[in-house]
Amino acid sequence: MYIRNTIQTMKKYSFLLQQLISRDFKVKYKRSVLGVLWSLLNPVLMMCVLAIVFTNVFKFSTPGVNYLVYLLTGLTYFNYFSESTNLAMSSVVANFSLINKIYIPKYIFPLSKCLFVGINFLLTLIPLYAVILLTGTGLNIYHLLLPVSFVFLFIFTLGIGLILATVSVFLRDMFYIYGILLQILTYMTPIMYDISMLDPRLQLLLKLNPLYHIITFGRTIILYHQIPSGMDFAVCFLSALVSLVIGVLVFRKNQDKFIYYV
């Protein structure tokens, strides 16, 4: 019943959702000379910097696969999570003036942020595939399964975004705390390094991170030209589902109290 009501509400407010996403695009690229090209250049420039540092200074490598593709794949996935959760966290607080004037389902704000960044995410696939082709990594039929990993990533991120959006209403310090947590998560996620180079006990710890499994799902297809195992599918699906369920429950339980914390 709740799911059906949610779908009906989303249909009713689909125009508002489109307007919120459109507004975010206009604000982000306002007075920008390159505009959406930054969505293409940013991951490439970041990859170049990190590749130079980690291959020349720390001597990182990924045996059997191209390090640039390995790095850019991890960056593409993680950057989506990072930007989406940051924007979703502030989405309710930033729209208090609108919430106080008219009735709007409040979850539409973190949802619009995740969708907005998702459009940019699709744009970042262009430089990713350019690097895949230029490095000779090549394409394969299993790339048709990549959208499944994107869905897992979106659902997991939305769940975390709903939790952060709720907590930040009651605890404004969360904006600063999450910056630190995200910095730690950056190094706890094997974006720039291969997890196999670590101590087995530390590997077990890092494998508790759902982002590790979602990124590995994509890398299995892109780098190793293989279908992810049934366990990979199960872990990614359960991680995404648990995140969304907890996020929805936390947000739904507290949303009526938001108005008292303007």
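Colleague: Let's start with a side chain: what is the relative accessible area of E83, and how do I read that value?

Modeller: Buried means under 20% relative accessible area, exposed over 50%, and partly exposed in between, using a 1.4 Å probe and protein chains only. E83 has a relative accessible area of 28%, so E83 is partly exposed. Please keep in mind that this is a predicted model, where local features need pLDDT of at least 70, side-chain atom pairs count only at pLDDT 80 or more, and totals for chains, interfaces and linings use all residues. Residues are numbered from 1 along each chain as its sequence is written, and side-chain values use heavy atoms, leaving out hydrogens and water.

Colleague: Where is E83 found, and which residues does E83 touch?

Modeller: Helices are DSSP runs of H or I with at least four residues, strands are runs of E with at least two, and both are numbered from the N terminus. E83 belongs to helix α4, residues 67-94. Contact means heavy atoms within 4.5 Å. Leaving aside residues up to four places away in sequence, E83 touches K28 and V117.

Colleague: How many salt bridges does a search of the whole structure find?

Modeller: A salt bridge is a side-chain nitrogen of Lys or Arg within 4 Å of a carboxyl oxygen of Asp or Glu. The search finds two. One of them joins K113 and D24 at 2.9 Å, N to O. K113 lies in helix α6 and D24 in helix α2 (residues 14-28), so this pair links distant parts of the chain, 89 residues apart. Both K113 and D24 are buried.

Colleague: And what are the accessibilities of D199 and R201?

Modeller: D199 and R201 also meet in a salt bridge, at 3.2 Å, N to O. D199 is partly exposed, at 37% relative accessible area, whereas R201 counts as exposed at 66%.

Colleague: How far does helix α6 reach?

Modeller: The expected span of a helix is 1.5 Å times one less than its number of residues. Helix α6 (residues 108-134) has 27 residues and reaches 40 Å from first C-alpha to last, close to the expected 39 Å. After α6 comes G136, with a positive phi near 80°.
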